[in-house]
Amino acid sequence: MNSSGGARKEGGSESSSKKSSKKPKYSRFTQQELPAWKPILTPSWVIGTFIGVALVFIPIGLATLSASGRVVEIIQQYDEDCVPPSYKSNRVAYIESNSTNKTCSTSLIVPKPMKAPVYVYYQLENFYQNHRRYVKSRNDKQLRFKDSANSTKGCDPEATLNNTGPIVPCGLIAWSLFNDTYKFSINSKSLQVSKKGIAWESDQKHKFGSDVYPKNFQSGPFIGGAKLNSSIPLSEQVDLIVWMRTAALPNFRKLYGKIERDLDANQNISVIIQNNYNTYRFGGRKRLVLSTTSWIGGKNEFLGVGYLAVGGISLFLALGFILVYIFKPRVVANSECPSVWS
Amino acid sequence: MAHGRRKKKLHFSKIYTFHCGKASLEHDEHSQIGGPGFSRVVFCNEPESFDSSIHNYPNNYVSTTKYTLATFIPKSLFEQFRRVANFYFLVTGILSFTPLAPYTAVSAIVPLIFVIGVSMLKEGIEDWRRKQQDIEVNNRTVKVHRGNGVFEPIEWRHLKVGNIVKVEKDDFFPADLLLLSSSYEDAVCYVETMNLDGETNLKLKQALEVTSSLVEDSHFKDFKATIRCEDPNANLYTFVGSMDYEEQQHPLSPQQLLLRASKLRNTDYVYGAVVFTGHDTKVMQNATDPPSKRSRVERKMDKVIYFLFAVLFLMAFVGSVVFGVTTNKDLKNGIMKRWYLRPDDSKVFFDPKKSTIAAFLHFLTALMLYSYLIPISLYVSIEIVKVLQSHFINQDIEMYYEEADKPAHARTSNLNEELGQVDTILSDKTGTLTCNSMEFIKCSVAGTAYGRGITEVERAMAKKTGSPLPNGVVIGGEENGENVTETSSGIKGFNFTDERIMNGNWVNEPHSDVIQKFFQLLAVCHTVIPEVDEESGNVSYEAESPDEAAFVVAARELGFEFYKRTQTTVSLHELDPISGQKIEREYKILSILEFNSTRKRMSVIVQTEEGKILLLSKGADSVMFPRLARTGNDFEEKTREHIHDYADAGLRTLILAYREIDEEEFQNFNERFNTARNAVSADRETLIEEVAETIEKDLILLGATAVEDKLQRGVPECIDKLAQAGIKIWVLTGDKMETAINIGFACSLLRQGMEQIMINLDTPEIKTLEKLDDKKALTKASKECVLKQINDGKAQLAASGAGSEAFALIIDGKSLAYALEDDVKNLFLELAIGCASVICCRSSPKQKALVTRLVKDGTKRTTLAIGDGANDVGMLQEADIGIGISGAEGMQAVMSSDIAIAQFRYLERLLLVHGHWCYRRITSMICYFFYKNIVFGVTLFLFEAYASFSAQTSYNDWFLSLYNVFFTSLPAIALGVFDQDVSARFCLRFPLLYQEGVQNFLFSWLRILSWMFNGVCSGVIVFFFCKKALSHQAFNDDGHPVDFQIFGATMYTIVVWLVNCQMALFISYFTLIQHIFIWGGIALWYIFLMVYGAINPITSTTAYQVFIEELAPAPMYWLLTLFVVASALIPYFTYSAVQMRFFPMYHNMIQWIRVEGRIEDPEYCQMVRQRSIRATTVGPTARLVASRRERHRQTQSI
């Protein structure tokens, strides 16, 4: 640190002092004289910084905003519409009954051309996937290793099935797996929805075992959500993997699949929804979302607007400071600056 | 070594005519020997015998360590967890092992272990140092009798009660010894007790006559004696015991006891028997644990932490209520709401049926979760910072005292920042302000002033004005004080140069006869003992007071060498003005009229070789002038003038006068004098005084001497700077009032024209009462008297209003005793605060401590006590900061001080530079700590609000626990160690800067709360911006939306960036270290994230691959970081810019000067400096101003 310190003007004293002397050795470090940059907020610094921020932020804002603007998004809320009118007053009964018809059809109009891939999301609202009881209710070991089927720590009350052994995958998250399904078609021609790449690669490879198969899943008295095909290993159960990446906030989207072809403007997509998932009990909403992406991700103008706003404010502050510095000289006199002390 | 040779020597005890022999040893207490409290039995010379072993006295091993190997762990752990914050973290740490915990137990415990571990390590190292010191002391050697008259050196620690030891000149006594004999014939020895009581004069000890013949090693072959005495106790001045020797019992007194930690002086060797060893010794019994001091800042910090605890509880409470309500709603009449949480089959923590209990348990969980509001690493960071700061203080080359090879030494690191807040300095005088050496510097003989020496005061004044000094040496420049050539002649006690009378030139002066008498008087009228070095023939002197030594040295240097004293004669080598030869002259001493504080003079009556009888007298001007003959004193006026000048220059003056007495008058006097001396009545002293009075009259004036009670180098300048910085200085001294006032003048605390308010009890009424011996009446009268004087003083103060007139309060010890009584002390304090200078003289160590406490408690400001002697120990321990002067040999003050420096003048740098920096650093660091933890805590809390207060954190457990320890602490520590608002040079140039600390600007509630507010704002901005930007849309072009782990890691990244950038904006001093720590902290976070994310997902859970796979490829992540960090910093940046420009604090102004002072606006620069040099009422600057004003007035009146 003090390589450049060395002996400066006191250099001589260092050599002359005997070894036994308690004289402190001179070094820039110990004498607290290290070379230092001592910036203070001079007008040029202040104005320069603000202008710099503005110069950087405004272009970024514009770029981000335009990227976000290029994203085409179709959102369709269906939790209300998919309940038959006779059940409007008692939606919970409708959704929990085994005899009611859950199929529901709706149509989407493509407002602008959408370039492939078009991502299909389901959006849930007022669903607390970030609740502590919920987040913790899983067992990573069990998901990963074949031999760890019995490790169901933290999975209560969906840990074991009476008399038959552990539930794989255990825990509330897996148990409450989303089970609405969508079928898309354009002009009665079915539109393929690919599930490829909707799960994170690292999850598939390292968090969910390729030799771990569902067992005793959704076999209890109280069925939460989707059932799993017990012949497919967990690492291939992409819907489960997606679901088990819990969301940070109570309103969230999750990838349902991808449509690997372009959609033209004004195309009418008809969707057949199997409305199985019970959001009615907790007053949640369900939406179906089709969206393209850009380099900034999905549609969200906040960042772009934010950048522009901060850039604008900086520009404004820079101007303000320029004016103030010009018109108001620094206050030094006692009369104007009440004594620093009391 | 010739052990057999015994010195024959004259001793102080014999010259002192008024003291009659030894005090009687027969006290009642001796009858108690053997009884309770007096049970000690020492078998001299047979420590191994059976009789000795049954007593099992401890050995001489001394340990001052706090811990031993066995007690270190429990004791230091206890110490650590006594801190509320640490205890809280311990509780949360334990709770984290229960299912209540919102995070894993390990992640909670590891930081705690780290933090506690570092603190304990520090304790351990400090204690180890103490241990090293003990080992050094315990391994010193002393010669011990091993039988057959053989003495062998052994280590102190092996010393046993009953051992006979031989201690040689200038060695410390290893234990409390009973003096048996010494190298002197009458078995006396001189002892320096500086380490014990701070008194610098030597004490005379004398052995019993029966043992005084044991003067050789071999004499101890068959020596046997039994000592019975009191049990170990702390009283230094008592000792009761008896010795059975040769079948006779002899009473023992403190006169025979040599105490450990005192030193043998001027005596070749002594033999002694060990009576008390190790912790039984009086000095160790006296050792109390130094009070552990905590700085004001830390105490306030505790309050802030309590405040944060309150906030924490409030947050937890709010969260619990909301959580309870939502949980309760989850299950109503058997119908589940949030079915995915399975509220029907829930453990108690989330059970809607017992939602009250669940809410309470959640409260505990929340207390753990929000623990991040309390900076766990704050205490340990402060400790680390303080140790490093102390290191800088120790290493400061500017505070190293070359002559004594002593650097500054911060003994405790607790008080560094307190140094920046000192409001009042309470200073000892001798050894602190002065060097405790007197130098003969000037004299006025026959109305002519001689002496070109420059006093420290004149030097300081000359430096201020830049005017040439009388002898033509020009001292200019502001900061090259070191260039001043040392004018001292190199002879101790002598700093006199004047070619008119030196080297025998005085014979050519107009009044050469007077000059001759003058120096003869100096050479004869004293009680000094000369010591002639047999080889070189040089004479050195052994004097009771340094003034007297200075006089005889001066006389010697001017040709009147005093070289021999016998019981009745004094012999000089002196120059005969007629022949020009050195001749021997012998003066027969007929009588000595001693000095005491009421007489304020001393006289000797001598008979010259010619048979003339002379009364030679020297004394204070107040008593000498009235005793002068009415005629024949032509130069009285001139002398008075000179005395006035000398006093103004801070010199101690004495008037010399003489008278011839005829034979008859002397006989007459002598008879009466002897009668008085032999009187046995209680008023013997009074009788003697009255007789003396009759002969000391009609004196003929010779001249006046001026002795400089030599101030330490740089004291006046230092006091000036400290006064400029707005620090008040009180002098508390054990000295006489006159001496104290002189020093007051010398260091410019007093000056001519200052109104002196004196409080003393020297009124006739009190004196009468004293004689009557009616204690009650005396107390009452004294108190009334003091009260009246205080009230008068206050009235005087009030009368002058806020005028420029400065007042000085001078109070003596006796009055102080009353002034410090509970009902008077506040009045006294008010008066004292109103005065510019306060001098307490004749104050006992206890009173010094009491005054310190009064100032400390009365003003609620920081007090600093500085002293060098053991008599200052109480004061040093009582004050907020105790500074020991390590220049002198005594170590007692240093041992009980918090910081030791070698010279008073280093106080300037210690306070104005280190104090200011440390204060600024610590307070800034603490504020920053609060800020960064609040930012973090707020993001946690807000996330809670969006997770229905279920106590789930958005951050990974290890992010949480490492936040304080790794990613944000190092820059804060760097701030605490290295930051400088203003360089050392500017600190000294603008002393007023110091007031920032005294008035506590940087750690006011406003500032603390502002920082907290800043933290809350930043936290809110971070969370909501993140929430808005990372809502449900895709995070990247691969379509994956934001999930829990991306959200947490992104927000955490932003927080790390934010707090580190805030730090970068905050500090004004970037060395490489700052850069490494700030930017390194951020880099470390990324590295950690990658490394941690690479280990298997069972361990890393939500952090697995998160950076590589998700964050790094997403432009969103980087853009969001930049955006949020910038927007959270802009408010602070704008505020700083405005404040810097339009509402600059004092250090800001100085920073302006540094940046642009030379280029533009020299007026501004001047203005700031002007503001710094403010109107003070004490110090050389004030004195200069006052004298200019005076001169101005005089010229006007003409």
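This is a predicted model: local features need pLDDT of at least 70, side-chain atom pairs count only at pLDDT 80 or more; totals for chains, interfaces and linings use all residues.
In strand β10 of chain A, A:V289 is the bridge partner of A:Y121. Residues are numbered from 1 along each chain as its sequence is written, chains are lettered from A in the order in which they are written, and side-chain values use heavy atoms, without hydrogens and water.

**The sheet in chain A**

Strands β3 (residues 118–125) and β10 (residues 285–291) of chain A run antiparallel, with seven bridges between them. Strands and helices here are DSSP runs numbered from the N terminus (strands E, at least two residues; helices H or I, at least four), and two strands pair if DSSP finds at least two bridges between them. Both strands belong to an open, antiparallel sheet of four strands in chain A, ordered β1-β10-β3-β8. Its edges are β1 (73–77) and β8 (252–259), each pairing on one side only. From one strand to the next, the twist averages 20 degrees, with axes being lines fitted to C-alpha atoms and angles running from 0 to 180 degrees between N-to-C directions.

**Charges over rings**

| Charged residue | Ring | Distance to ring centre |
|---|---|---|
| A:R253 | A:Y121 | 5.9 Å |
| B:R342 | A:W175 | 5.1 Å |

**Where two chains meet**

What kind of pair do A:W175 and B:W339 form? Rings of Phe, Tyr and Trp (its six-membered ring) pair if their centres lie within 6.5 Å; planes under 30 degrees apart are stacked, over 60 edge-to-face, and the rest tilted. Over all chains, the count comes to 91 aromatic pairs. The centres of A:W175 and B:W339 are 5.7 Å apart and their planes stand at 75 degrees, so this pair is edge-to-face. A:W175 lies in helix α6 of chain A and B:W339 in a loop of chain B, so the pair joins two chains. Both residues are buried, meaning under 20% relative accessible area with a 1.4 Å probe, protein chains only (exposed is over 50%, partly exposed in between). They belong to one aromatic cluster, whose members include A:F178, A:W243 and B:Y340.

**A covered helix in chain B**

Helix α18 (residues 715–724) of chain B is mostly covered, with eight of its ten residues buried. Among them are B:V715, B:I719 and B:L722. After this helix comes B:G726, with a positive phi near 85 degrees.

Methods:
A charge sits over a ring if NZ of Lys or CZ of Arg is within 6 Å of the ring centre and within 35 degrees of the ring normal.
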